[in-house]
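Hi,

Here is the structure I said I would pass on.

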Amino acid sequence: MQKSSIPSTMMQVPLSLNHFLERAGVYHGKSEIVSRLPDKSLHRYTYADFHRRAKALAEVLVKAGVQPGDRVATLMWNHYAHLECYFGIPAAGAVMHNLNLRLFPHDIAFIVNHAKDRFLLVDDVLLPLLAQFAKDVNFERIIVVPLTGQPVPAPYEDYEKFIGAATGDFQYVELDENAPSGMCYTSGTTGNPKGVVYSHRSTVLHSLVAALPGGLNISGADTVLPVVPMFHANAWGLPYVATFMGAKQVFPGPHLDSESLLDLYQRERVTITGGVPTIWLSLLQTLRSNPGKYDLVPGMRMLVGGSAAPESLFRGFDELGLVVGTAWGMTETSPLGTVSTLKPWMLALPKDQQYAYRVKQGMAAPLVEIRLMGDHGEVPWDGKSVGEIQVRGPWITGSYHETPVSEANFTADGWLRTGDVGTIDPEGFLQLTDRTKDLIKSGGEWISSVDLENNLMGHPAVLEAAVIAVPHPRWAERPLAVVVLRPGMSATAEELREHLAKTFAKWQLPDAFVFVNEIPRTSTGKFLKTKLREMYKDWKWEQE
């Protein structure tokens, strides 16, 4: 790297989440934060309240002996106190470590011990979950958020009394912008969960780009409701962006059923929301079953991520005047990797061609680089050639917490190997085709389970569908489709096969269909294909 002959005259001001917190209090004090509590009542307060309480949390953590870099864990649903932790813990110089409450207790214990969490802040409604792994961990202090209004049981501490001890005389802990601010662990579907540590700098840059029209396009005029849990990839960064922009925030608490969400959307006039495809599939079913019942903001934007969504989902919500937008990322990418935004000239295309672009995961977000790699090097962007998706950028992790860098996860030239497989068209639009472990190799040819699933979910009788590889004596593997039908509707295996045959070659079609009442899910709401593969590993092909 060559040294310039002229120095920059710009100030070296560190990028910090503390700026976000101060901006919220100084400029957006009257904006509202609404949280649905366990009893379904609503807790309301302002950014001015949030600003005061988050700083109070930071003050008492420092007085309690928390040192820069110490990990403070949260075990919480989406609500106001969790938002206070998002900013109060980093303001104390500590690292906010949000624990995934949907993991098995032994996995949570492993993560707590691996991260060396000192303190825990936990919802009172989650104390039964804590009890399942408490003997396997050693928190110094456990502070309970009394969401139900019931007394906090001994020996735990009451969150309200804890922050109530603050004097209000707090000075932010001075930190380098590359100091850690938060951490999340991967779901651990293959091996133990791995820790990703975010910095103040990476989170600030991620938030700035996410707010852009070319990102998630969030302004102070929006009302933002993250359905995606705050314990999963920082709720896709939505709380950070909304706080920085001064947008009204609405949190659903533990109530993630369609009726509860639709009630909140209607009541609080939500303009942008985000969640995984299974959430939106259920929501669409509810809206169709209750025409005219819900008065939602016209054009409400619904961000879909976590996995590829079927075109039928986009068309279904368009018919209702709501807009689905797609993005792609993962815990390791903070998580914004790509965003699907139509280019101006695409708006003049026929609707079918627009949908063909909209269902893709889109272009790399600003400051993110992306490439496809195959067995023999980089794969061309022709919309057909398939390769592993690799990324790098200022909010992409370059390693895992206290884990040796492995060629299985990172390339020699510094790119993250995502494990996702896809294509990129000449316009730069990424389209996921599968996870590397979910591809089906039959007779030497690759079959995309995602493409089959999304097409199946376009059938009017199909609510959900997951396609897995099952061992086959002749072809090594063959696709088996696990299908949930819509209530009151029916379809046969042959009807579904004929539906798929309009798009896929005969050899790509599932050889068998299994009809079930529900499909097992991961902790983040995705289809749990590892469970399905275990359930059907001994499938006898002559059964159908």
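Leucine 303 has glycine 325 of β14 as its bridge partner. The strands here, β13 (residues 301-304) and β14 (residues 323-329), run parallel and are joined by four bridges. For the terms: strands (E, at least two residues) and helices (H or I, at least four) are DSSP runs, numbered from the N terminus, and two strands pair if DSSP finds at least two bridges between them.

Before going on, the source notes. This is a predicted model, in which local features need pLDDT of at least 70 and side-chain atom pairs count only at pLDDT 80 or more, while totals for chains, interfaces and linings use all residues. Residues are numbered from 1 along each chain as its sequence is written, and side-chain values use heavy atoms, with hydrogens and water left out.

Back to the sheet: it is open and mixed, with nine strands in the order β2-β1-β11-β10-β12-β13-β14-β15-β16. At the edges are β2 (42-46) and β16 (363-364), each with a single partner strand, so one side of each has no neighbour in the sheet. Helix α10 (residues 277-289) lies across β12 (272-275) and β13, at about 140° to β13; the angle is between N-to-C directions (range 0 to 180 degrees), with axes fitted to C-alpha atoms, for helices over the stretch in contact.

Two residues to look at:

- Histidine 82 sits in helix α3 (residues 80-91). Its relative accessible area is 0%, so it counts as buried (under 20%; exposed is over 50%, partly exposed in between, with a 1.4 Å probe and protein chains only). Leaving aside neighbours within four places in sequence, histidine 82 is in contact (heavy atoms within 4.5 Å) with Thr74, Met76, Trp77, Asn98, Met230 and Phe231.
- Phenylalanine 515, in strand β26 (residues 512-515), is partly exposed at 35% relative accessible area. Not counting residues up to four places away in sequence, phenylalanine 515 touches Val483, Leu485, Ala491, Thr492, Ala493 and Leu496.

As for the overall layout, the protein is divided into domain 1 (14-206), domain 2 (366-435) and domain 3 (440-536), with bounds from an automatic or database domain assignment. Taken over C-alpha atoms, the centres of domain 1 and domain 3 are 40 Å apart.

Enjoy browsing!
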